[in-house]
Amino acid sequence: MTASHDALMQLLTEPSGEVRLASPFVSRPVAAELAAAATLAAVQWSLLTDLDPVAVAGGYLSPDGLRLLLKAGVAVRSHPGLHAKVYLAGDRGIVGSGNLTKTGLGTAARPNLEVSVELTPSQVGAAKVALDAWWSDAVVVDEAALLDAQARAREVPTVAAPSTSQEDDPDSEIAAEAAALLTEAGGVHLWVKAVYGDEEANWEGDGLWIASSKRGKPTFAPGDLVLIYAKDLRLCNAIVEVTAEPIWAPDIIAQDRPQEDADRWPWLNYVRGRLWVHSTNGITPADLGFTGQGLQGGHRRLDQAEFAAAVRHFAGESVQ
């Protein structure tokens, strides 16, 4: 047994033959790493996955990550019901329990406990036979298929996640809150909001607020869930729930911020903290599929997959 990420990257370094990967879950950060390796390789790459709208809605399978792989020349197909995690390169291969995600490969803040086993040459041959059969029955994944999966993901009413009975465990409390957020996400508007400041804010408790530009009354509504992007930290590390309609309140904002900030961002929404992590466990917008520059207007809507990916990251990707 070897560490999943190290074993996989060693396998993919200067492969002696065709690279064939099979994993039902593929996160964007891992897809980006694989796409970079595929671009440099002199052999053909392929990925077999399961373009399941529930997995897309839950953030377990990233359409943007698959787009990166397609752009890198990786052939991608989808087979319903795929559960195997098989990674072959030439006459070498490994199988294991870990998906092509940071938790599956052991690089997340709180990784899953996974097993990765190197195959013998004869076992590699047997694995190729199985992959050949699955590949021939799979459908091609292209931009149209990705758009269709994303459209169907938006129709998924809830994103299920298990609860835990270990109520005294802080990690269990985080997992339970993450599960609640994933379930609620199907019935409210989801946003990412840039906040400013030169310090790391604590987004816990009630009576918190977010401020918006004077250019127009924000459309945040009570019950909406907002991913906080700390502009100066250049990462997202909290989720809050909007608790009240926006009000024009530069006087309240000026109690905590410089007057020029209050004049520039006078619209206020009260919020309560739902899930907050230290910046060391935050996630960058790029890992969620968008850029900080895309928040020049202060906020934007999120789809369920982007929101779920952030929630799962904050929970150590332990919510499956």
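Which strand gives the most to the lining of the largest pocket? In this predicted model, that element is β9, with 4 residues.

**Pockets**

The largest pocket has a volume of about 700 Å³, and its lining is made up of 27 residues, of which V195, Y196, W203, W209 and R257 lie nearest the centre. At least two lining residues are supplied by each of β8 (190–195), β9 (208–212), β10 (225–230) and α9 (259–264). By class, the lining of the largest pocket divides into 14 nonpolar, 4 polar and 9 charged residues.

The second largest pocket holds about 370 Å³ of space and is lined by 26 residues, with S62, L288, A305, E306 and A309 lying nearest its centre. Helices α2, α3, α4, α6, α10 (285–288) and α11 (304–314) each supply at least two residues of this lining, and the largest share, 6 residues, comes from α11. The lining of the second largest pocket has 10 nonpolar, 7 polar and 9 charged residues.

**Cavities**

The model has 2 cavities of 30 Å³ or more. The largest cavity is lined by S4, Y87, I94, V95, G96, S97, G98, G104, L105, V115 and S116, and strand β5 (residues 92–96) provides the largest share of that lining, 3 residues. Lining the second largest cavity are R20, L21, S46, L47, L48, L131 and W135; here β1 (19–22), β2 (45–49) and α5 (121–137) are the elements that give two or more residues, and the largest share, 3 residues, comes from β2.

| Cavity | Volume | Lining by class |
|---|---|---|
| Largest cavity | about 60 Å³ | 5 nonpolar, 6 polar, no charged residues |
| Second largest cavity | about 40 Å³ | 5 nonpolar, 1 polar, 1 charged residues |

**Nonpolar cores**

The largest nonpolar core has 37 residues, and those with the most contacts inside it are L8, L21, L34, W45, L47 and L100. The elements giving two or more residues to this core are α1 (4–12), β1, α2 (28–40), β2, α3 (53–58), α4 (63–71), β4 (86–89) and α6 (143–153), with α2 giving the most, 6 residues. Leaving aside residues up to four places away in sequence, L100 touches L8, L21, S23, F25, V26, S27, V30, L34, L47, Y87 and L105.

S78 lies in strand β3 (residues 75–78). Because its relative accessibility is 7%, S78 counts as buried, the cut-off for that class being under 20%. The side chain of S78 reaches the backbone nitrogen of L51 at 2.8 Å. Not counting residues up to four places away in sequence, S78 touches L48, T49, D50, L51, A138, V139 and V141.

Terms used
Residues are numbered from 1 along each chain as its sequence is written. This is a predicted model: local features need pLDDT of at least 70, side-chain atom pairs count only at pLDDT 80 or more; totals for chains, interfaces and linings use all residues. Side-chain values use heavy atoms; hydrogens and water are left out. Buried means under 20% relative accessible area, exposed over 50%, partly exposed in between (1.4 Å probe, protein chains only). A polar contact is a pair of N or O atoms within 3.5 Å; within protein, one must be able to donate a hydrogen and the other to accept it, and residues adjacent in sequence count only if both atoms are side-chain atoms. Contact means heavy atoms within 4.5 Å. On a 1 Å grid over the protein atoms alone, a cavity is a set of points where a 1.4 Å probe fits but cannot get out, and a pocket is an open set with protein on both sides within 12 Å along at least five of seven lines; lining residues have an atom within 4 Å of a point. Grid points are joined across faces, edges and corners, and a volume is the space filled by probe spheres set on the points. Ala, Val, Leu, Ile, Met, Phe, Trp, Tyr, Cys and Pro count as nonpolar, Asp, Glu, Lys and Arg as charged, and the others, Gly among them, as polar. A nonpolar core is a set of buried Ala, Val, Leu, Ile, Met, Phe, Trp, Tyr and Cys residues joined through side-chain atoms within 4.5 Å.
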